[in-house]
Amino acid sequence: MTALAKIVHPAPEVEAEPELTDGFHLVIDALKLNGIETIYGVPGIPITDLGRMAQAEGMRVISFRHEQHAGNAAAIAGFLTQKPGICLTVSAPGFLNGLTALANATTNCFPMILISGSSEREIVDLQQGDYEEMDQLAIAKPLCKAAFRVLHAADIGIGVARAIRAACSGRPGGVYLDLPAKLFAQVMDAEAGQKSLVKVIDPAPAQRPAPEAIARALEVLKSAKRPLIVLGKGAAYAQADEAIRALVETSGIPYVPMSMAKGLLPDTHPLSAGAARSTALKDSDVVLLIGARLNWLLSHGKGKSWGEPGSTKFIQIDIEPREMDSNVEIVAPVVGDIASCVQALLDGMGKGWQQPPSDWIETVKTKREANIAKMAPKLMSNASPMTFHAALGALRTIVKERPDAILVNEGANTLDLARGIIDMYQPRKRLDVGTWGIMGIGMGFAVAAAVETGKPVLCVEGDSAFGFSGMEVETICRYGLPVCIVVFNNNGIYRGTDTDPTGRDPATTVFVPDSRYDKMMEAFGGVGYHVTTPDELTRAVNEAMNSGRPCLVNAVIDPAAGSESGNIGSLNPQSGIKKKK
Ligand code: ADP
Ligand code: MG
């Protein structure tokens, strides 16, 4: 248009430019609208700007060095907060790295959403070889609770809402949300965009048990001579701490906590049968399971760990109806959310409740005290190099003095022995390898525990376990988190004493002897300690935790002290062929 034309023709009436939004902003707005304030992830194509913008919009975005650890962080954030933890990854390889954590979250019933960018649908579906081409939705589907893909910006609100509801309602679990690259740049009218967002009302609705189910459960419980309660991590997740304590104390029934349910009631509680676990399982006649599955961790409810077949009756509280009878008959299934079910049982017990026969309580108490007394001298040894017991004895005292610290724990011997030795005093303070017994959760869990709770974190790691996520010490230093890592360094997996029979290579289970993991922490500006006695260990961990800074204590453990596969050596098949002499 010439200048002249401009003068001759009056300018047409200019409409105000409509305000626009895009896919990036709608994802962020949808998460924020639902009270999600933190994203764990690793930046890259096509989600780099999503992370930047989320940070600019006030969300906390914690960038990791590897997606699996970001995913583990999101999963445990879900466990701690009952809100789905968000893990954000790039396409194909980043997605696959996050998928392990998503599958693990699903197995453990933690609410989590893995959001991955993906490549162009048209090219992926015709398999024409796009950048990081992969049909991510199809791959994720069998490994999580639900999987969704959003193709249009106007559907982001619904997509995020569906993901949240799927993750949190019923039995919680992992959800995959596939966001193709093109979606992020799609533009739409801002007001219409805002209206398309959905705030999820009551994402985990109460599910009240049927009165008949409660009456049946109480009948069975009343008939018991040697009743036992088993608290699982579902009970810890449910945040029904007061009701659970009231149920244990009103019923007078001893309880065994599964590992992540430790501290729901303090491990020193008079009704705790944790230290008499074997006797309690074997001799009980009625067992009330609260948010615990009869999987391998409870020997499937049968066999050597339990009484004669048929001698134990099971009552089970679970939100997932299909969990009932999964391994043995459940004589009184109570389907519903734990808070409602436990309250209903309490109400049903009323005033006239008869506590269990005193000889049963005595049996459990005597066994517990005997086991504790047997363990005590092992915990006090000051020998160098340290045994697992002596090092854990030191940490046990530290946790007793700092009951609000969060304990993250993984390894083989380091895990199995710490679970028994370190008493917990508050709910949801012990985070560990969970249902799969997975290695590599350590640093991801530690980061999220610090970020979500603001509490100090003590991370007790086998040297092998630490290796899976060790690079994340840089992440811990970068965000200046109050995490004290203790590496139980016994030069290898299970033990550090194996050799290659041919003499050629290191044995398959050993690491560089006398490694200095403390130097890894120093490399990024954190504080490293190298300790060889329980006294040194105590001093170092106390100093570390008082400082609130990232610290790593390399704790030298006797390379010969561990046992094969920790407490679960029976699961590790060994050749039946005898070596010729
Ligand atoms: P543990 O390993 O500690 O025994 P599991 O993970 O095996 O614990 O079991 C947890 C159980 O808790 C799962 O079966 C899950 O369905 C159930 N669960 C989780 N949250 C709730 C809840 N709010 N109400 C009822 N059951 C729940
Ligand atoms: Mg080791």
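1. Start with the backbone of Lys233: one of its N or O atoms lies 2.7 Å from an oxygen atom of ligand 1. Gly291 also uses a backbone N or O atom, at 3.2 Å from an oxygen atom of ligand 1. Arg171 takes part through its side chain instead, with an N or O atom 2.8 Å from a ligand oxygen. Please keep in mind that this is a predicted model.

2. How much of ligand 1 does the protein bury? Taken alone, the ligand exposes 580 Å², and 96% of that is buried by the protein.

3. The shell around ligand 1 holds 19 residues, with Arg171, Lys233, Arg293, Asp318 and Ile338 the closest. Helix H12 (residues 233-237) is the top contributor, giving 3 residues.

4. Where does ligand 1 sit relative to the domains? Domain 1 (20-196) and domain 2 (211-364) both supply shell residues, so the ligand lies between them.

5. Now for the magnesium ion (ligand 2). Its protein donors are Asp463 (OD), Asn490 (OD1) and Gly492 (O), at 2.0 to 2.1 Å. Along the chain, these donors follow the spacing D-x26-N-x1-G. Asp463 belongs to helix H20 (residues 463-469), while Gly492 is in the loop between strand E17 (483-489) and helix H22 (517-523), so this pair ties together parts 29 residues apart in sequence.

Conventions: Residues are numbered from 1 along each chain as its sequence is written. Chains are lettered from A and ligands numbered from 1 in the order in which they are written. This is a predicted model: local features need pLDDT of at least 70, side-chain atom pairs count only at pLDDT 80 or more; totals for chains, interfaces and linings use all residues. Side-chain values use heavy atoms; hydrogens and water are left out. A residue is near a molecule or strand if one of its heavy atoms lies within 4 Å of it. A polar contact is a pair of N or O atoms within 3.5 Å; within protein, one must be able to donate a hydrogen and the other to accept it, and residues adjacent in sequence count only if both atoms are side-chain atoms. Accessible areas come from the Shrake-Rupley method with a 1.4 Å probe; for residues, only the protein chains shown count as cover. Helices (H or I, at least four residues) and strands (E, at least two) are DSSP runs, numbered from the N terminus. Domain bounds come from an automatic or database domain assignment. Donors are N, O and S atoms within 2.8 Å of the metal (3.2 Å for Na, K and Ca); water is not among the atoms, so sites may look incomplete.
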